[in-house]
Amino acid sequence: MAEKKQIAIVGGGIAGLTTAYYLQKQIRAYRLDYEVKLFEASSHLGGKIDTLKKDGFVIERGPDSFLARKESASRLIHDIGMEKDLVRNNTGQSYILAGKKLHKMPKRAFMGVPTELKPFYQSRLLSTKAKARISVESMLPKGKEAQDQSMGLFFRRRFGDELVENVLEPLLSGVYAGEIDELSLMATYPKFYEVEQQYGSVIKGLQATMPKPPKQKKDVKPPGAFLSLRDGLSSLVEGLEAKLDPGTVHLDTSVDHIERKEDHYHLLLGNGEVFRADAAVLASPFFAVQRMLSQYDFMEQLKEMKATSVATVAMTFDASAIKKDIDGTGFVISRNSKYRITACTWTHKKWEGTTPEGKVMLRCYVGRPDDSGIVDLSDEEIVRIALKDLNKIMKIKSKPLFSVVSRWKKAMPQYVVGHLQRVADVRANMAINLPGVFLAGGSYDGIGIPDCIDSGEQAVQNVLAYLREKSFS
């Protein structure tokens, strides 16, 4: 009897777990003679997904949700039988802190970009000059066709500096913890370029292409755009692990090097063993992948990528400690402000079930590209800085009941200008020099949970097609 074909998955984040789950589902459905092994260098699965439960609080140390409109995450959750645990965020007013004041986020905007001008004219967030500048956007000529450009360059050209720095930068580049004048428009928000090219104006293009919001009954809030799980996102990781075949997962097992042999690969493991693989999915950060395949010159392109470090601090209080309660779900901070936190989520208002009755949970983000050193400070110092800023904004003078600082070192891959071409070049070279080895995960095709799941699903198709073709050759 022929030995089973071995498929290695390197990395146990959501992309790697998705790959393992859907591969084994296909193997069982079609009785394929394949076996899957997943190697994770750390002692736990989930990557940046990490839920902590303490004293009745549900605290997300990494991502707290995913976009509902990106359906792959919900589809996976349904597939493993956890659909009853899905919860949608409460909606409410969100704010931008510019100067020393919280301003309501203007309505009728998509990611901060106006779809109607009136709410921006009425806002005190922008100066008269800035309002005049955005009013002429629809009259400007469309930009020249470009393979790529920075988000900052594109939006400054369309709307001017003030809208970029007060609104778009904290919203758009905040998602990527990056510098708006370096991040690639085509790798992050290509829709804006596409509507400009098609309609000659971003505002006109959004008006033409955005679905009209359903009419809301008076005093009824619109449904939230984000989903999570009742017991935290780590329950998705646990649910996926439970569906994998026994013996699939190998924790505390790094892959240090990968060597191509005549018709297979040798994975040199950190424990000194060698694993023979017929195909492999590398669902690890780009710098780890480059290290595993450092003998290939074309992998040097991954060295051109950067990753930033960020930290979050969750703080819990008695409700009485909040002297200046604000009706909303949180705020982001303009790049021109002198605060060191970059955003704050009022978790107790945004997510039901995360906070006991009579308590409050605030989750602050720190770590701008030009202030990354804050991540290396002690827990006590990070909490002190966050409290100092919150006291100015919300008049919080009490110490937290407890706080949880989470650091993510080199965790946010930066999709700088040229990212898509860089990744395409690496993949094209891998197809020639490393057939049967595929990339997946947040370093390449999107950093959100659904994006990582999408990349895992694509990796499954790539592996199955490769092994099928190989069996006939």
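The structure is a predicted model, in which local features need pLDDT of at least 70, side-chain atom pairs count only at pLDDT 80 or more, and totals for chains, interfaces and linings use all residues. Residues are numbered from 1 along each chain as its sequence is written, and side-chain values use heavy atoms, with hydrogens and water left out. The protein chain has 15 helices and 22 strands, where helices (H or I, at least four residues) and strands (E, at least two) are DSSP runs numbered from the N terminus.

**Overall build**

- The radius of gyration of the protein chain is 24 Å, close to the 23 Å that the globule rule gives for 473 residues, so the chain is as compact as a globular protein of that length. The radius is taken over C-alpha atoms, and the rule is 2.2 Å times the number of residues to the power 0.38.
- Along its principal axes, the C-alpha trace spans about 75 × 55 × 45 Å.
- Of the 473 residues, 54% count as buried, meaning under 20% relative accessible area with a 1.4 Å probe, protein chains only.

**Helix H1**

- Helix H1 covers residues 14–30, and 12 of its 17 residues are buried.
- The buried residues of H1 include Ile14, Tyr21, Tyr22 and Ile27.
- Among the elements that cover them are strand E1 (5–10), strand E2 (34–39) and helix H15 (449–472).
- Just after H1, arginine 31 takes a positive phi of about 50 degrees.

**The seven-stranded sheet**

- An open sheet of 7 strands has the order E8-E7-E18-E19-E20-E17-E21, with mixed pairing; two strands pair if DSSP finds at least two bridges between them.
- Strand E8 (101–104) and strand E21 (402–414) stand at the edges with a single partner strand each, so one side of each is left without a neighbour in the sheet.
- Strands E18 (residues 330–333) and E19 (residues 341–346) pair in the antiparallel sense over 3 bridges.
- Phenylalanine 331 has cysteine 344 in E19 as its bridge partner.
- Helix H13 (residues 379–394) packs on the sheet, touching strands that include E7 (94–98) and E20 (359–366); contact means heavy atoms within 4.5 Å.

**Helix H8**

- In helix H8 (residues 190–199), Phe192, Tyr193, Val195, Glu196 and Gln197 are buried.
- These buried residues pack against elements including helix H5 (151–159) and helix H9 (202–209).
- Glycine 200 follows H8 and has a positive phi, near 80 degrees.

Definitions and conventions: Expected span 1.5 Å × (residues − 1). Buried < 20%, exposed > 50% of the residue type's maximum accessible area, 1.4 Å probe, protein only. Axes fitted to C-alpha atoms, helices over the stretch in contact; angles between N-to-C directions.
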